[in-house]
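Subject: Structure handover and notes on one helix

Dear colleague,

Please find the structure below, together with the notes that I promised to send along with it.

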Amino acid sequence: ETSLSAVTPPRAVLYLGLDGAVATAVFLGATTAAASLISPTEVSLILLLEALLGPTSVFLVLGERPSVTTVIGGLIIISAVAGHEVYTALILARQARTLAKSVGDKEVTPTAVVRPESTPETSL
């Protein structure tokens, strides 16, 4: 029977505990702040990036090569995030053009445009 202290030096356990506590606090704080600033769809897509960044950082730091399925999954995640951002930009540009026409082609500020996730048609 091997105990944790026999395998891992106490200082390493301390560093792991501190890293876990700090990383968790920063992660939860950033997620909470993001949820109040951007749409829930964008928050969930950004959280999906964690699944991509984990294997990428292991590859960059330790040199461990990801499997083909990991790379394909990462490409799917990147495509979903990029597709959502392009879609949102197109919707916002269309709303800005429509608003500019309705106010007589005066300059339209970005705050006058409503994000797609906050329109009545998309919210339940």
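Predicted model: local features only at pLDDT ≥ 70, side-chain atom pairs only at ≥ 80, totals over all residues.

Residues are numbered from 1 along each chain as its sequence is written, and side-chain values use heavy atoms, with hydrogens and water left out.

Helix α3 covers residues 40-62, helices being DSSP runs of H or I with at least four residues, numbered from the N terminus. Its 23 residues should span 33 Å at 1.5 Å a residue (the expected span is 1.5 Å times one less than the number of residues), which agrees with the 34 Å between its end C-alpha atoms. At Leu52 the helix bends by about 30 degrees, and Pro55 follows within four residues; the bend is the angle between axes fitted to the seven residues ending there and the seven starting there.

The buried residues of α3 are Glu42, Val43, Leu45 and Leu52 (buried means under 20% relative accessible area, exposed over 50%, partly exposed in between, with a 1.4 Å probe and protein chains only), and their cover includes α2 (10-37) and α4 (68-102). Phe27, found in α2, touches Leu47 and Glu50, not counting residues up to four places away in sequence, where contact means heavy atoms within 4.5 Å.

Phe27 is partly exposed because its relative accessible area is 38%; Phe59, which lies in α3, counts as partly exposed at 34%. Just after α3, Gly63 takes a positive phi of about 80 degrees.

Best regards

Terms used: Helix = DSSP H or I, 4+ residues; strand = E, 2+ residues; numbered from the N terminus.
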